Amino acid sequence: MSWFPPLDPASWPTTAEAATAMQDELRPLICERTPPGAQFRTVAGLDSAYADTGAVAAAVVVLAAGTLRPVSSAVAHGVAGFPYVPGLLAFREIPATLAALEKLDAAPDLLVCDGQGLAHPRRFGLACHLGLLTGVPTIGVAKTVWGDYAEPGPERGATADITLEGAVVGRALRTRTGVKPVFVSVGHHIDLDTACAQVLALTPRYRLPETTRQADRLCRAALRTADYSGSTP
């Protein structure tokens, strides 16, 4: 049995207009607070890889927070049913991502997406959508930024607010001294201070979180070796 409500394909948008309307409708439901007493013992990284044909492989890698060693992983294959549209990544990635998450025996304590949360043109990126669908605290950690920010200090742990129309929507976080920052934003059920602390804990050696690095490797390998001859969207 799934540990989150299943996605209803009939309710999933098929046009950019419908997807934008869904983001606007769901945005007020986002919670920017960490649940009292929350402990993040397991942290999952999520990523997807695509072929030119539209084939997709979505991967989830669950790490033990204390050691950053893998404790579980899963992959799901399919065909992207939504085109690539900037700002609407969630509608392309979520069906296969949920299928991968459903293969896990239990919910991780925290989800880390390779994408945006509130630092998004409509304040509702991939991390927000996944957090609402699963009910699990979720962070967006992106390699590029939507919004304005000042360059943070050069040392590891330095931050600078990301703003959109004057509102703080995330932070530029320096995870390696002298290296370009990553861009952290709340997805759901977590506050920004906690999100940044978790990302720093996940980056002991590299710019990107270890969750993202391992999920990226897994989905790329899965895409290379998959047979999509019988896949359906």
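1. How many cavities of 30 Å³ or more does the structure hold? The structure holds one, where a cavity is a set of points, on a 1 Å grid over the protein atoms alone, at which a 1.4 Å probe fits but cannot get out. This is a predicted model, in which local features need pLDDT of at least 70 and side-chain atom pairs count only at pLDDT 80 or more, while totals for chains, interfaces and linings use all residues. Residues are numbered from 1 along each chain as its sequence is written, and side-chain values use heavy atoms, with hydrogens and water left out.

2. The largest cavity has a volume of about 40 Å³, a volume being the space filled by probe spheres set on grid points that are joined across faces, edges and corners. Its lining, meaning residues with an atom within 4 Å of a point, consists of Leu46, Asp47, Ser48, Glu93, Thr97, Cys113, Asp114, Leu126 and Leu130. Two or more of the lining residues come from each of β1, α2 and α3 (126–134), and β1 gives the most, with three residues. Helices (H or I, at least four residues) and strands (E, at least two) are DSSP runs, numbered from the N terminus.

3. Helix α5 has 16 residues and reaches 23 Å from its first C-alpha to its last, close to the 22 Å expected at 1.5 Å a residue, the expected span being 1.5 Å times one less than the number of residues. Its buried residues (under 20% relative accessible area; exposed is over 50% and partly exposed lies in between, with a 1.4 Å probe and protein chains only) are Glu210, Thr211, Thr212, Gln214, Ala215, Cys219, Ala222 and Leu223. What covers these buried residues, by contact (heavy atoms within 4.5 Å), includes β1 (42–50), β2 (55–64), β3 (70–79) and β4 (110–113).

4. Thr203 sits in the loop between α4 (192–201) and α5 (210–225), and it counts as buried because its relative accessibility is 0%. The side chain of Thr203 reaches the backbone oxygen of Val199 at 3.0 Å. Not counting residues up to four places away in sequence, Thr203 touches Arg156, Thr175, Arg176, Leu208 and Pro209.

5. The structure holds zero disulfides, a disulfide being a pair of cysteine sulfur atoms within 2.5 Å. For Cys31, the closest cysteine sulfur, in Cys128, is 11 Å away and therefore too far for a bond. Cys196 is likewise in no disulfide, with the nearest cysteine sulfur, that of Cys128, 14 Å away. Both residues count as buried, Cys31 at 15% relative accessibility and Cys196 at 6%.

6. Most residues other than glycine have a negative phi. Arg123, in the loop between β4 and α3, has a positive phi near 55° and is buried, with a relative accessible area of 18%. His189, in the loop between β9 (182–188) and α4, has a positive phi of about 55° although it is not a glycine, and at 24% relative accessibility it counts as partly exposed.

Terms used
Polar contact = N/O pair within 3.5 Å; in protein donor to acceptor, adjacent residues only side chain to side chain. 1 Å grid on protein atoms, 1.4 Å probe; cavity = no way out; pocket = protein on both sides within 12 Å on 5 of 7 lines; lining within 4 Å.
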